[in-house]
Amino acid sequence: MVVNTAVRPGPNGQNLIARDDEVMSGSIVPRYPFVMARGEGAKVWDVDGSEYIDFAAGIAVTSTGHCHPKVVAAIIEQAQKFLHIAGTDYYYEVQVRLAERLAEIAPFGGDPARVFLTNSGAEAVEGAIKLARWYTKRPNIIAFLGAFHGRTLGAVSLNGSKVVQKEGFAPFLPGVYHVPYNNPYRCLHGREQAACETHCICGDYIEDVLFKRLVPPDSVAAIIMEPIQGEGGYVVPDARFVQQLREICDKHGILLIVDEVQAGIGRTGKWWAIEHFGVQPDIVTSAKGIASGMPLGAFISRKEIMSWPPGSHGTTFGGNPVSCAAALATLDLIEAGYMVNAAEQGVFIREVLEEMQSHHPSLRYGRIAGLGLMTGAELVLDEVRTPAQDLRNAVENYALQNGLLLLGAGSNTLRFCPPLMIERETVQAGLEIFEKSLTQAEQDAGLL
Ligand SMILES: Cc1ncc(COP(=O)(O)O)c(C=O)c1O
């Protein structure tokens with residue numbers, strides 16, 4: 001029987017969580033106690049019949065909303081034809097069409113591109129690293145503190161956001177060097193925000209410290225960066241920093257890999273977040289929102305780079321035909337309006353959050369940043385920006401109780417990454433629940 005419970009999760013949800021606890025890997029707890037029954041657009045319902053607004057989109061995945069009829073129809077149509085044939089052994093049109101489409105929108109200034117389709121973001125990152133090493137014949141990779149690139153061993157080696165992702169899994173991929181990422185709000189070189197904004201020294205660090213003391217530039221295959229750090233806290237870098245990375249790459253024959261797994265496919269209001277910075281990369285990785293929730297990823301490179309020989313890289317499931325069909329329908333919908341909507345709703349969310357700063361202490365000195373529907377609010381306790389981690393966690397929990405799915409990022413940031421189709425009234429309703437939850441958490445913390 002379905003009941004709309006006041007306490008979430010209700011009895012059906014609690015029952016399933018207990019069963020899950022017995023059999024699922026302990027590495028994926030703690031999770032939010034939401035047990036999904038169904039979803040539609042930017043709303044979801046749990047197994048006890050309670051409704052929630054979805055500001056999380058399954059970690060920035062369900063770009064066209066839950067179960068968009070056109071995506072579902074494309075999935076059914078393809079599923080009735082064939083489910084699998086192995087795209088690295090045989091040919092099929094839906095894979096070619098998707099590759100053509102991705103090559104067309106790739107951020108290479110109109111230069112030709114080639115595409116490799118994967119199952120996930122991490123697999124796309126792995127492929128991108130392999131490709132960069134193969135093409136340059138160089139071993140080393142530069143990654144960033146605060147970065148997140150996935151959970152496979154190569155991707156974990158690149159991560160620099162949380163030690164728990166690395167503890168117990170060494171040895172990692174050799175030849176990975178981590179450097180500071182531009183974040184004027186929390187400059188890792190300890191500089192004041194104004195100084196950091198006038199002249200970011202993260203790029204200088206690569207030239208003056210890394211290349212002079214630790215690693216010769218001509219041994220570096222690639223710099224891999226997220227155009228907005230996602231898992232690390234929704235950090236938007238300064239355009240000059242990104243441009244400086246391009247210059248460093250050009251100077252030393254290094255490839256620039258942009259990990260667009262979270263930021264790409266229209267989420268920031270452009271196909272690719274890197275387009276906001278006036279920079280063209282050499283390799284792009286994608287996944288998450290590309291197929292509205294069907295498992296699919298890709299890495300896309302300039303055509304001359306993806307010239308590796310037959311047999312050098314492959315996959316059984318990557319480019320699954322049903323996922324490709326979902327992706328084509330997704331790209332159509334995003335192009336036809338959701339990308340513009342993402343830009344507009346994102347501006348609105350940031351405006352509302354900025355208005356809230358005057359009456360919410362944890363937002364007052366916090367950081368509100370983002371592009372499109374990849375927007376974050378970093379909560380702090382005071383003027384000196386002490387991270388409000390417990391308070392952030394409390395807001396997430398209250399939000400869930402109040403009917404809003406809201407995800408954290410980094411230690412003390414909340415991310416606002418709903419489906420790109422979300423309507424203004426749902427955004428407004430979600431922000432009202434967010435504010436109520438923030439008030440409850442601030443009261444508990446004695447801030448109000
Ligand atoms: C920027 C980035 N890269 C890679 C990944 C890994 O993607 P997946 O979980 O599909 O392997 C993620 C996942 O959050 C991500 O945000």
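Is asparagine 15 buried, exposed or partly exposed, and how many other C-beta atoms lie within 10 Å? I looked this up before anything else. Asparagine 15 comes out as partly exposed, because 14 other C-beta atoms lie within 10 Å. I noted the cut-offs: 20 or more other C-beta atoms within 10 Å of a residue's own make it buried, 12 or fewer make it exposed, and anything in between is partly exposed, with C-beta atoms placed from the backbone.

**Ground rules**

I am working with a predicted model, where local features need pLDDT of at least 70, side-chain atom pairs count only at pLDDT 80 or more, and totals for chains, interfaces and linings use all residues. Residues are numbered from 1 along each chain as its sequence is written.

**Back to asparagine 15**

I found asparagine 15 in helix α1 (residues 11–23). Helices (H or I, at least four residues) and strands (E, at least two) are DSSP runs, numbered from the N terminus. I also checked valine 35: it sits 20 residues from asparagine 15 in sequence, and 9.9 Å away in space, C-alpha to C-alpha.

**The domains**

I see the protein chain split into domain 1 (11–67 + 337–444) and domain 2 (70–333). These bounds come from an automatic or database domain assignment. Taken over C-alpha atoms, the centres of domain 1 and domain 2 are 25 Å apart. Their contact takes 28 residues from domain 1 and 25 residues from domain 2. Two residues are in contact here if their C-beta atoms, placed from the backbone, lie within 7 Å.

Next I asked which elements give two or more residues to the side of domain 1 that touches domain 2. They are α2 (57–60), α10 (321–356), β11 (367–371), β12 (374–378) and β15 (413–416). α10 gives the most, with five residues. By class, I wrote down 14 nonpolar, 11 polar and three charged residues for this side of domain 1. Nonpolar means Ala, Val, Leu, Ile, Met, Phe, Trp, Tyr, Cys and Pro; charged means Asp, Glu, Lys and Arg; the others, Gly among them, are polar.

**Around the ligand**

I looked at the ligand and found 15 residues surrounding it, the closest being Gly121, Ala122, Gly150, Val261 and Gln262. The shell has six nonpolar, six polar and three charged residues.

**The antiparallel sheet**

I traced an open sheet of four strands in the order β11-β12-β15-β14, with antiparallel pairing. Strands pair if DSSP finds at least two bridges between them. β11 and β14 (407–409) are at the edges with a single partner strand each, so one side of each has no neighbour in the sheet. On average, neighbouring strands here are turned by 30° against each other, direction ignored.

I went through the pairs in turn. β11 and β12 are joined by five bridges, and alanine 369 stands opposite glycine 376 in β12. In their hairpin, with two residues between the strands, glycine 372 takes a positive phi near 55°. β12 and β15 share four bridges, with alanine 377 opposite leucine 414 in β15. β14 and β15 have three bridges, and leucine 407 has arginine 415 in β15 as its bridge partner.

How many residues of β12 are buried? I get five of its five. Met374, Gly376 and Glu378 point one way, while Thr375 and Ala377 point the other. In a regular strand the side chains alternate between the two faces of the sheet.

I also saw α10 lying across β11, β12 and β15, at about 175° to β11. For that angle, axes are lines fitted to C-alpha atoms, for helices over the stretch in contact, and angles run from 0 to 180 degrees between N-to-C directions.

**The mixed sheet**

I found another open sheet of four strands, ordered β1-β2-β3-β13, with mixed pairing. β1 and strand β2 (residues 43–46) pair in the antiparallel sense over four bridges. Arginine 38 stands opposite tryptophan 45 in β2.

**Last stop: arginine 392**

I placed arginine 392 in helix α12 (residues 389–402). Arginine 392 counts as buried because it has 25 C-beta neighbours inside 10 Å. Leaving aside neighbours within four places in sequence, arginine 392 is in contact with Leu379, Gly408, Asn412 and Leu414.

Technical notes
A residue is near a molecule or strand if its C-beta atom, placed from the backbone, lies within 6 Å of it.
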